[in-house]
Amino acid sequence: MIVVENIEKHFGGLRAVNNVSISIEAGSITGLIGPNGAGKSTLFNVIAGLHKPTSGKVYLDGVDITGLEPHELFAKGLLRTFQVAHEFSTLTVRENLMVVPPDRPGEKLMNVWFRPGAVKQADAKLRDKADEVLEFLKLTHVADELAGNLSGGQKKLLELGRTMMVDPKIVFLDEVGAGVNRTLLYEIGDAILRLNKERGYTFCMIEHDMEFISRLCNPVIVMAEGAVLASGTPEEIKSNNDVIEAYLGTGLKNKKKENA
Ligand SMILES: Nc1ncnc2c1ncn2[C@@H]1O[C@H](COP(=O)(O)OP(=O)(O)OP(=O)(O)O)[C@@H](O)[C@H]1O
Ligand SMILES: [Mg+2]
């Protein structure tokens, strides 16, 4: 579904992403792991249109999407969530979902004046959709709560819920499990698995928790120092010496010395 070819992203002299080529199969839950500063979020930002790459190409279903704006990618069904949740804290949980779809007739002033019925109908539909999403995520009990009052984990679930409002093709999750307690983490994992199996969503997710990754992801791609270090099944990755060394912070540097 996604093909990333020779992506480079430099910030001044720093090669945050250094010649990365990966592909994400339709229907997969692909994991992206690696030590802090490995370039994972930067790669996501390039794919999802927040950063223009220094060079390289990104394809979605064979179509070149390199450098498209986030809203253009959104319209093509490519969505992302952020490492730090960004809910509208003064709107209710349900309202946070209802503001997602980009083509709400209610926002077009002409419609409000000339076709108020259409607006009401669309809002009722949106509300039903939002309620369905809340039920799927077991958040119905907080539907009318201000989003700012949710727990960290519930905010992450709400982030996931926002993607469900538009039935995406592929969702990029940046540390959706970070700072979330064990119970809620399990539920988030469950929701992701159900969305994948029952609704055919493809996911690519950055995560640090290996247990969580192993439960959900196959394949797992490992980045270190801007480059892809390894990819394989969770089992292969866990026993890969390069990966273990990269996490211990000695691997790549020693290797460079060996090669020098
Ligand atoms: N906008 C930016 N301007 C300059 N440098 C940046 C920018 N964004 C990221 N970097 C740098 O690029 C490198 C990769 O950062 P990135 O956030 O992609 O890492 P990451 O793998 O997501 O790490 P973490 O696991 O800590 O989230 C880091 O050295 C970071 O400081
Ligand atoms: Mg990151």
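Which residues lie nearest the centre of the largest pocket? Let's start there. One caution before the answer: this is a predicted model.

The residues nearest the pocket's centre are Phe 74, Leu 79, Arg 80, His 86 and Arg 162. They belong to a lining of 17 residues. The top contributor is S6, with 4 residues. The volume of this pocket is about 390 Å³.

The lining has 11 nonpolar residues, 3 polar and 3 charged. And its location? Domain 1 (2-86 + 167-259) supplies at least three lining residues, and domain 2 (88-149) also supplies at least three.

Next, the cavities. How many of 30 Å³ or more does the structure hold? There are 2.

Helix H7 (residues 182-199) gives the most, with 4 residues. By class, that lining splits into 4 nonpolar and 4 charged residues, with no polar ones. Why does this cavity lie between domain 1 and domain 2? Because both domains give residues to its lining.

On to ligand 1. There are 14 residues around ligand 1. Which come nearest? Asn 36, Gly 37, Lys 40, Ser 41 and Thr 42. Strand S2 (14-24) and helix H1 (40-47) each supply at least two residues of the shell. H1 has the largest share, 3 residues. By class, the shell holds 7 polar, 5 nonpolar and 2 charged residues.

Now the polar contacts. Thr 42 places a polar side-chain atom 2.5 Å from an oxygen atom of ligand 1. For His 208, a side-chain N or O atom is 3.0 Å from a ligand oxygen. Ala 38 uses its backbone: a polar atom there is 3.1 Å from an oxygen of ligand 1. How much of the ligand does the protein bury? Taken alone, ligand 1 exposes 630 Å², and 62% of that is buried by the protein.

To recap. The largest pocket draws its lining from both domain 1 and domain 2. The largest cavity lies between those domains. Around ligand 1, H1 gives the largest share of the shell. That's the tour.

Key
Residues are numbered from 1 along each chain as its sequence is written. Chains are lettered from A and ligands numbered from 1 in the order in which they are written. This is a predicted model: local features need pLDDT of at least 70, side-chain atom pairs count only at pLDDT 80 or more; totals for chains, interfaces and linings use all residues. Side-chain values use heavy atoms; hydrogens and water are left out. On a 1 Å grid over the protein atoms alone, a cavity is a set of points where a 1.4 Å probe fits but cannot get out, and a pocket is an open set with protein on both sides within 12 Å along at least five of seven lines; lining residues have an atom within 4 Å of a point. Grid points are joined across faces, edges and corners, and a volume is the space filled by probe spheres set on the points. Ala, Val, Leu, Ile, Met, Phe, Trp, Tyr, Cys and Pro count as nonpolar, Asp, Glu, Lys and Arg as charged, and the others, Gly among them, as polar. Domain bounds come from an automatic or database domain assignment. A residue is near a molecule or strand if one of its heavy atoms lies within 4 Å of it. A polar contact is a pair of N or O atoms within 3.5 Å; within protein, one must be able to donate a hydrogen and the other to accept it, and residues adjacent in sequence count only if both atoms are side-chain atoms. Accessible areas come from the Shrake-Rupley method with a 1.4 Å probe; for residues, only the protein chains shown count as cover.
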